[in-house]
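Subject: Structure handover

Hello,

Here is the structure to look through. My notes follow below it.

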Amino acid sequence: MKIEAITLREIHMPLVHFFETSFGRTYSRRILLLTVHCDGINGWGECVAGEDPFYSNEWIESAWLTMTHYLVPAVLGRDLAAARDCAVLFSKVRGHRMAKAAVENALWDAEAKEKNQPLWKLLGGTRREIPCGVSIGIQDSVEQLLDKIQIELAAGYRRIKVKVKPGWDVRVLEKIRSRWADITLSCDANSAYTLDQLEHLRTFDQFNLLMIEQPLWDDDIFYHARLQKELRTAICLDESIVSARAAAIAVETGACRIINIKVGRVGGFTEAKKIHDICQSQNIPVWCGGMLESGIGRAQNIALSTLENFRLPGDVSASKRYWKEDIIEPEVQVSPLGMIAIGDQPGTGYRIKEDLIDKLTVRKETIRAGA
Ligand code: OSB
Ligand code: MG
């Protein structure tokens, strides 16, 4: 793959419903898309960095600058045999994994198209359908949350995850469990607690949760290991698992029993596959997290979720839960049994609506080799 040019774009997409986590509320997404132009083929990637550096230290502006100053120059003009070969070209740049992932994943898309192969096969996937869950944010009232859960259960989703924080946790989980005693339920704290709240966190054990996601600090593994020993409920790590090494440490120290893999958080498909393999060898189930992606990132999450050890429903849900109109065709659809079917088309199997993307674009920059 000869990389002739790379285009960066920022698009704006309003969410159909706001999304609130312990770190804040989002009404509209600013999404950074990247296109690699190689040998007449366009590969697309989405950077999952948020509008603010609140989920992680990356945000859309840092990603844009890191790409234009470092990552794009590192690959432009090069002839790569495979997408995985770009990781070493980025190794000098510390961190900035979401920015790196967008470039690497665009190259995976280009590679799949060039080889006329489905991306999921190129990644080593085997599943022909994937189970889906939903992540439901903090609402204005518990009643509003219960209504939303009702809608998602009726739509067929196989796991409900709710966001929690101090003041929106035990009371909310009690209400959910008294209405639905048996549904597969989990919660995600996005680092809203500290170990001083151990006794409070212990009370979550009564709700028979599938997992509690990232209860403690975003950069911590050690204290999660201490907490996991005290809880019956499985801890799932999200924010702290930034690399295969972090995953190995978490598994070895018993900091979690489940891992959420987000391809952006870990720097791209190559690292995501490594984490998948480590977890599989240690019998730790993984599932695919979401970052309120547009169809481009969503289609790539679907491809990743076909790997064998993605044994739990992911936060990979239908386009219409997020957008009035998605930028891919067909839109991502979930069956009444809560599954997404995997096709045999080359690439992601979803067509990109470039006309719509042009309309949503507020900033665009193309960088050419040798320019
Ligand atoms: O912690 O999983 C998270 C969204 C933004 C940032 C962090 C997280 C989330 C979600 C949404 O839970 C998952 C989705 O539906 O895309
Ligand atoms: Mg999470």
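First, a term: buried means under 20% relative accessible area, exposed means over 50%, and partly exposed is in between, with a 1.4 Å probe and protein chains only. By that rule Asp 188 is buried, at 0% relative accessibility.

Some ground rules. This is a predicted model, where local features need pLDDT of at least 70, side-chain atom pairs count only at pLDDT 80 or more, and totals for chains, interfaces and linings use all residues. Residues are numbered from 1 along each chain as its sequence is written, chains are lettered from A and ligands numbered from 1 in the order in which they are written, and side-chain values use heavy atoms, with hydrogens and water left out.

**Domains**

The protein chain is assigned domain 1 (3-116 + 353-368) and domain 2 (121-341). The bounds come from an automatic or database domain assignment. Taken over C-alpha atoms, the two domain centres are 23 Å apart. Domain 1 puts 37 residues into the contact and domain 2 puts in 48. Contact here means heavy atoms within 4.5 Å.

**Cores**

A nonpolar core is a set of buried Ala, Val, Leu, Ile, Met, Phe, Trp, Tyr and Cys residues joined through side-chain atoms within 4.5 Å. In soluble globular proteins, nonpolar side chains tend to be buried together.

The largest nonpolar core has 127 residues. Met 67, Ile 176, Phe 204 and Ile 259 touch the most other members. Helix α3 (residues 97-114) gives the most to this core, with 9 residues. Helices (H or I, at least four residues) and strands (E, at least two) are DSSP runs, numbered from the N terminus. Both domain 1 and domain 2 supply at least three residues to this core.

Look at Met 67. Leaving out residues up to four places away in sequence, its contacts include Leu 8, Leu 32, Cys 47, Pro 73 and Val 103. Another core lies apart from the largest one. That core has 6 residues, among them Met 211, Cys 236, Ile 258 and Trp 287.

**Salt bridges**

A salt bridge is a side-chain nitrogen of Lys or Arg within 4 Å of a carboxyl oxygen of Asp or Glu. The count comes to 25.

Start with Asp 188 and Lys 161. Their closest N and O atoms are 3.2 Å apart. Asp 188 is in strand β7 (residues 185-188) and Lys 161 in strand β6, so the pair links distant parts of the chain, 27 residues apart. Lys 161 is also buried, with a relative accessible area of 2%.

Salt bridges that share partners join Arg 159, Lys 161, Lys 163, Asp 188, Glu 213 and Asp 315 into one network.

Within that network, Arg 159 and Asp 315 meet at 2.9 Å, N to O. Arg 159 lies in the loop between α5 (142-155) and β6 (160-163), and Asp 315 in the loop between α11 (295-304) and β12 (328-329), so the pair ties together parts that are 156 residues apart in sequence. Both Arg 159 and Asp 315 are buried.

Another bridge pairs Glu 111 with Lys 115, at 2.6 Å, N to O. Glu 111 is buried at 3% relative accessibility, whereas Lys 115 is partly exposed at 41%.

**Ligand 1**

Which residues come nearest to ligand 1? Of the 15 around it, they are Ser 135, Asp 188, Asn 190, Leu 292 and Tyr 322. A residue is near if one of its heavy atoms lies within 4 Å. A polar side-chain atom of Tyr 322 lies 2.5 Å from an oxygen atom of ligand 1. For Lys 163 the corresponding distance is 3.0 Å. For Lys 262 it is 3.0 Å.

**Two threonines**

Thr 66 sits in helix α1 (residues 60-75). Thr 66 is buried, at 6% relative accessibility. Its side chain makes a polar contact of 3.2 Å with that of His 96. A polar contact is a pair of N or O atoms within 3.5 Å; within protein, one must be able to donate a hydrogen and the other to accept it, and residues adjacent in sequence count only if both atoms are side-chain atoms.

Thr 253 is in helix α9 (residues 244-253). Thr 253 is partly exposed, with a relative accessible area of 37%. Its side chain reaches the backbone oxygen of Ile 249 at 2.8 Å. The C-alpha atoms of Thr 253 and Ala 225 are 6.1 Å apart, though the two residues are 28 residues apart along the chain.

Best wishes
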